[in-house]
Amino acid sequence: MQQTFILRKFNVNDLKRVTYINRVCLPENYTDYFFMDLHRRFPETFLIAEEDGEVVGYIMCRNELGLSNFGFRGLIKKGHIVSVAVLPQHRGKGIGQALIKRAMENMQLYNAKQCFLEVRATNTTAINLYKKLGFQVTRTIRSYYADGEDAYVMSRKLPFK
Ligand SMILES: CC(C)(COP(=O)(O)OP(=O)(O)OC[C@H]1O[C@@H](n2cnc3c(N)ncnc32)[C@H](O)[C@@H]1OP(=O)(O)O)[C@@H](O)C(=O)NCCC(=O)NCCS
């Protein structure tokens, strides 16, 4: 199938639209400052997807120092997918997958050796997608979300090929 969207880096003019998509798609919402701070610190992994000149999805990430999820002892750099979403009417076209792949590629610019994220234990669509991209569940965090739902931490090694 021919790709109908493009990926590019987020810029400040996208802020309103990205916060809109975040509110439509996820119960975890953030202040403008939070979005802009991640953009300022990690511009290579804050990406948007555009279809017919309209922003329809985004991914934003943070580079962190943390313990390895795969046995290695000591601190390593890890890319944390903080939020990813695609508007409902644009789903199932590979946009989510493309955003995550590109973000993982770009995490290497920050020397990240692993990538991880938290996902609601009932979010099977997202969990399937992450598994397809080589992630595995490495931990469960009980009552992680404000409504009491558990989170799976899903992780994979980088580089992504
Ligand atoms: C998760 C999300 C970003 C995926 O975006 P998307 O653009 O639809 O994803 P893709 O088209 O790349 O789909 C990739 C895979 O996701 C899974 N998937 C997509 N739509 C699905 C559906 N309706 N039911 C089950 N699995 C589905 C499949 O594994 C699919 O692979 P396939 O197309 O080869 O079958 C999107 O569903 C979304 O925004 N959800 C709400 C926000 C959210 O849950 N974010 C993740 C929080 S951790």
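Modeller: Two strands pair if DSSP finds at least two bridges between them. Helices (H or I, at least four residues) and strands (E, at least two) are DSSP runs, numbered from the N terminus. The model is predicted, so local features need pLDDT of at least 70 and side-chain atom pairs count only at pLDDT 80 or more, while totals for chains, interfaces and linings use all residues. Residues are numbered from 1 along each chain as its sequence is written.

Colleague: In what order do the seven strands form the open sheet?

Modeller: Strands of a sheet pair through backbone hydrogen bonds, either parallel or antiparallel. Here the pairing is mixed, and the sheet is open, with its seven strands in the order 1-2-3-4-5-7-6.

Colleague: Which are the edge strands?

Modeller: An edge strand pairs on one side only. That applies to strand 1 and to strand 6 (136–141).

Colleague: How many bridges join strand 2 to strand 3?

Modeller: Strand 2 covers residues 47–51, and strand 3 covers residues 54–67. Leu 47 stands opposite Ile 59 in strand 3. The two strands run antiparallel, and the number of bridges that join them is five.

Colleague: Which residue takes a positive phi in the hairpin of strand 2 and strand 3?

Modeller: Most residues other than glycine have a negative phi. The hairpin has two residues between its strands, and the positive phi, near 50°, belongs to Asp 52.

Colleague: In strand 2, what is the bridge partner of Phe 5?

Modeller: Strand 1 (residues 5–9) pairs with strand 2 in the antiparallel sense over five bridges. For Phe 5, the bridge partner is Glu 51.

Colleague: Which residue in strand 7 does Val 119 stand opposite?

Modeller: Strand 5 and strand 7 (residues 151–157) are antiparallel, paired over seven bridges. Strand 7 is also joined to strand 6, by five antiparallel bridges. In strand 7, the residue opposite Val 119 is Tyr 152.

Colleague: At what angle do helix 1 and helix 2 pack?

Modeller: Two packed helices are described by the angle between their axes and the distance between the axes. Axes are lines fitted to C-alpha atoms, for helices over the stretch in contact, and angles run from 0 to 180 degrees between N-to-C directions. Helix 1 (residues 15–25) and helix 2 (residues 32–41) have axes 11 Å apart, and the angle is about 115°.

Colleague: Which residues of helix 2 make the contact?

Modeller: Two residues are in contact if their C-beta atoms, placed from the backbone, lie within 7 Å. Helix 1 supplies Leu 15, Val 18 and Thr 19, and helix 2 supplies Asp 32, Phe 35 and Met 36.

Colleague: Which helix gives the largest share of the shell around the ligand?

Modeller: 20 residues surround the ligand, and the closest are Arg 91, Ile 95, Gly 96, Gln 97 and Leu 129; a residue is near a molecule if its C-beta atom, placed from the backbone, lies within 6 Å of it. Strand 4 (75–86), helix 3 (95–107), strand 5 (114–120) and helix 4 (124–132) each supply at least two residues of the shell. The largest share, five residues, is that of helix 4.

Colleague: Is Tyr 130 buried or exposed?

Modeller: A residue is buried if 20 or more other C-beta atoms, placed from the backbone, lie within 10 Å of its own, exposed if 12 or fewer, and partly exposed in between. Tyr 130 lies in helix 4, and beyond four places in sequence it is in contact with Val 119, Phe 135 and Met 154. Because Tyr 130 has 26 C-beta neighbours inside 10 Å, it counts as buried.

Colleague: What distance separates the C-alpha atoms of Ile 81 and Ile 59?

Modeller: Ile 81 is in strand 4 and is buried, with 23 other C-beta atoms within 10 Å. Its contacts beyond four places in sequence include Ile 59, Cys 61 and Ile 100. Ile 81 and Ile 59 are 22 residues apart along the chain, and their C-alpha atoms are separated by 7.4 Å.

Colleague: Is Asn 111 buried or exposed?

Modeller: Asn 111 lies in the loop between helix 3 and strand 5 and has a positive phi of about 65° although it is not a glycine. Because Asn 111 has 11 C-beta neighbours inside 10 Å, it counts as exposed.

Colleague: Which residue does a cis peptide bond join to Leu 158?

Modeller: Most peptide bonds are trans. In this bond omega is about 10°.
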